[in-house]
Amino acid sequence: MTTATGEPLADRLAAQLRRAGADEVRFAATLDELTDLIATATAPVLITGTDLVAHTAVLRHLATSPVGPTVALVLGDPPVPGRTAVREERGQVVDAAALDALDGDATGVFGGALRVGVDDLPTLAAAARAAASGMLPVAAPIGPVGDVAPMPTTAGGGGSVAAGAPGPAVDRLFAGLAALGTLIFAQRVRLLVAHRVEDPAGLAAAEAAVTAVDEDRAELRLSVKEKDDFFSTYFVSTWSPYLVRLSARLRLTPTGVTVISVLFALAAAVLFGVGGRPALVGGAVLLYLGFVLDCVDGQLARYTRHFSAWGGWLDTMADRAKEYVVYAGLGFGVSHAGLGNGWALAIAAMTLQTVRHMTDTWYGVLHDEAARRPRTATNASGGIGDRLNAASTRVQADTGSLSYWLKRTVVFPIGERWALIALTVALFNPLVSLIAVLVWGVLAFAYTGALRTLRARWMWVPVLDTVDATLHRDDGPLARWLPVVRPMGPLTLAVIAALGPAVLLVGALLDDAPDQLRWAVPVALLVLLVGGLGAGAAHNGPLDWLVPAALRAAEYLFAIAVGVVGGVPGWLIFGYVFVLTVHHYDLTARLEKRQAAPPLHAATLGWEGRSVLVALAAIAGIAGVGLATLGAYLLVVFVVSVVLAWFVRPARSARASVAPAGVGGAAPR
């Protein structure tokens with residue numbers, strides 16, 4: 001087809017792909033030709049059909065999407081015969097086939113474009129071969145391959161280029177890729193325009209729709225999350241896009257904005273510790289501005305399309321570090337003002353929030369895994385879990401309603417936490433602020449925990465057995481040497497492990513002379529080590545996704561209890577637990593970014609190894625020295641691990657990839 005400017009639509013698409021970041025664009029007339037081109041690709045490839053009319057930004061977003069390695073364009077257009085329909089859940093394509101094959105469960109249609117990650121290229125080649133031969137379930141009638149028109153394709157990330165086929169051929173390719181079990185994420189088009197056209201009239205209408213939208217203004221609005229929390233939506237995102245545009249003009253990077261937001265949070269924490277009404281109000285203002293910048297860094301990344309694994313990891317780690325530094329400032333402020341034991345409250349808030357985050361992370365993994373699996377007869381319908389799931393889906397779909405905002409707010413997300421801290425500390429004092437955070441946090445934990453437990457039992461989807469359970473349990477050598485007790489299950493054993501330290505902590509807090517409970521430390525340690533008896537067991541129960549959170553609670557409670565029994569200063573206990581949280585957030589951040597274990601993970605000794613060392617220090621009467629020494633050691637290991645993972649190893653890989661090769665692959669002498 002010919003565009004309004006007189007150029008073939010395929011040529012215009014090729015030019016758009018280059019503007020979207022493609023180093024090279026090629027055409028393929030058949031799926032067999034596509035297979036040959038894929039065999040030479042060493043970077044992600046972007047495949048489109050010649051029937052796509054879209055803003056260049058749509059293609060750029062697809063090529064740079066950070067949600068996963070393989071992403072497909074999904075449109076909300078009415079289904080057309082010969083096109084692949086899509087069923088999407090939680091941003092994942094869980095089914096792709098002809099509309100009638102989805103039995104009315106279609107949530108969109110394939111947009112005729114997809115980006116395929118390097119690791120999925122062999123599967124893409126297999127799907128192309130199978131689609132060409134008609135061996136896979138197809139979303140459209142298979143016509144003669146020789147009748148397929150050429151289409152442009154590109155490889156994102158600066159690699160070689162592959163190509164494919166348009167119309168029904170690209171639909172068959174996509175359906176085949178999904179049928180082979182590839183994890184495909186969906187990219188929806190919002191504010192911008194993308195349509196697949198079949199005739200000149202449809203082409204003219206699509207071009208008019210594209211022209212009617214200001215692409216840059218739409219991209220700026222798209223930098224704001226579509227569904228965010230109440231405070232972020234109405235008190236931050238209403239004006240943060242202006243900062244995004246200013247940051248882009250100043251050539252600030254998302255990482256640079258993250259660093260600035262950390263400095264604001266540090267300054268707020270210092271003012272909270274200083275005390276006095278002017279300092280508390282000033283700290284509240286800085287805390288709010290720091291949160292605004294925390295939103296701006298992500299918005300700037302989406303606006304400029306500057307995504308990186310390092311930036312995502314740093315943003316996750318900085319968010320938690322900022323929050324806990326603020327807790328430290330509040331805790332010091334409470335103690336400094338003589339209002340009570342502020343460090344105890346700060347430690348409680350940090351421990352509660354970390355355990356909550358661990359459950360949030362693993363429940364998200366559970367939900368994603370459930371979306372990828374077909375429902376069985378046992379959980380297809382009926383039961384309270386099914387009703388809760390249906391109710392949650394209805395509320396999430398009713399965007400902007402009172403029930404929607406209540407659900408988003410009651411779980412106490414980061415925006416609401418920072419807003420509560422800023423308001424309470426400015427109007428009252430740090431003590432009220434910490435108590436408010438603890439009360440709302442406990443209620444939110446109870447609410448989400450109860451509902452998620454019911455829904456998880458209904459879904460009955462194991463997740464820890466799909467990953468390296470030993471890594472995410474944070475087991476050390478001792479846990480792997482312990483015998484395995486399978487009948488009780490790993491979750492039961494992990495909960496028992498947390499009960500011993502909890503009892504010791506309560507006893508130490510209630511005792512006027514907690515140092516007299518030193519004899520109870522070995523007993524609590526033995527109870528704690530019960531959690532290691534489930535290390536080698538299968539983690540396939542419906543609630544085993546709670547095991548990492550339970551083990552985090554067990555280790556933190558034991559360290560706190562040992563500190564109280566040993567008379568360790570509150571700030572030192574806080575510092576040690578803070579280092580533990582940094583280590584564990586590193587593990588969950590890597591899980592979310594689909595990355596391997598930290599380089600020096602074995603040197604962290606595992607939760608049980610660290611606990612044994614802490615216990616020995618307490619028994620020897622040097623609990624403070626033990627916590628300080630072990631905390632410093634773990635912090636050094638963490639810093640070295642970060643340097644190795646994000647700087648040294650990538651630099652070595654880059655040098656290796658450009659090193660000249662001699663005959664037979666050997667480097668020339």
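Ala85 stands opposite Ala97 in strand E6, and Ala85 also stands opposite Val109 in strand E7. This is a predicted model, in which local features need pLDDT of at least 70 and side-chain atom pairs count only at pLDDT 80 or more, while totals for chains, interfaces and linings use all residues. Residues are numbered from 1 along each chain as its sequence is written, and side-chain values use heavy atoms, with hydrogens and water left out.

The names of the elements come from DSSP runs numbered from the N terminus, where helices (H or I) have at least four residues and strands (E) at least two. Two strands are said to pair if DSSP finds at least two bridges between them. Strand E5, residues 85-89, pairs with strand E6, residues 92-97, in the antiparallel sense over five bridges. These two strands form a hairpin with two residues between them, and Arg90 in the turn has a positive phi of about 50°. E5 also pairs in the antiparallel sense with strand E7, residues 108-116, this time over two bridges. In a regular strand the side chains alternate between the two faces of the sheet.

Glu198 forms one with Arg83, the closest N and O atoms being 3.4 Å apart. The pair links distant parts of the chain, since Arg83 is in the loop between strand E4 (71-75) and E5, Glu198 is in the loop between strand E10 (194-196) and helix H6 (200-211), and the two are 115 residues apart. To describe their surroundings, a residue is called buried under 20% relative accessible area, exposed over 50% and partly exposed in between, using a 1.4 Å probe and protein chains only. Glu198 is exposed, with a relative accessible area of 53%, whereas Arg83 counts as buried at 13%.

A further salt bridge joins the side chains of Asp171 and Arg196, at 2.8 Å from N to O. Asp171 lies in helix H5 (residues 167-179) and Arg196 in strand E10, so this pair ties together parts that are 25 residues apart in sequence. Asp171 is buried at 0% relative accessibility, and Arg196 is buried too, at 11%. Asp51, Arg83, Asp171, Arg196 and Glu198 are linked in a network of salt bridges.

Another pair sits inside one helix. Lys322 forms a salt bridge with Asp319, with the closest N and O atoms 3.7 Å apart, and both residues are buried. Because they are three residues apart in helix H12 (residues 309-336), Lys322 and Asp319 are separated by about one helical turn.

The interior can be described through nonpolar cores, each a set of buried Ala, Val, Leu, Ile, Met, Phe, Trp, Tyr and Cys residues joined through side-chain atoms within 4.5 Å. Of the 111 residues in the largest such core, Phe272 and Tyr327 touch the most other members. Helix H22, residues 547-565, gives the most to this core, with 13 residues. A second, separate core of 31 residues includes Ala22, Ala57, Val58 and Leu203.

Helix H22 also holds Arg552, which is buried yet has no salt bridge, the nearest side chain of opposite charge, Asp474, being 4.5 Å away. If contact means heavy atoms within 4.5 Å, the residues that Arg552 touches include Met358, His472 and Trp607, not counting residues up to four places away in sequence.

Finally, some details of the backbone deserve attention. Helix H4 (residues 121-133) has 13 residues and reaches 18 Å from its first C-alpha to its last, close to the 18 Å expected at 1.5 Å a residue, where the expected span is 1.5 Å times one less than the number of residues. Just after H4, Gly134 takes a positive phi of about 75°. Most residues other than glycine have a negative phi. Leu191, however, has a positive phi near 70°; Leu191 is found in the loop between strand E9 (184-188) and E10 and is partly exposed, at 31% relative accessibility. Phe412 has a positive phi near 60° and lies in the loop between helix H15 (402-410) and helix H16 (414-427), where Phe412 counts as buried at 0% relative accessibility.

Notes
Lys and Arg count as positive and Asp and Glu as negative; His and the chain ends are not counted. A salt bridge is a side-chain nitrogen of Lys or Arg within 4 Å of a carboxyl oxygen of Asp or Glu.
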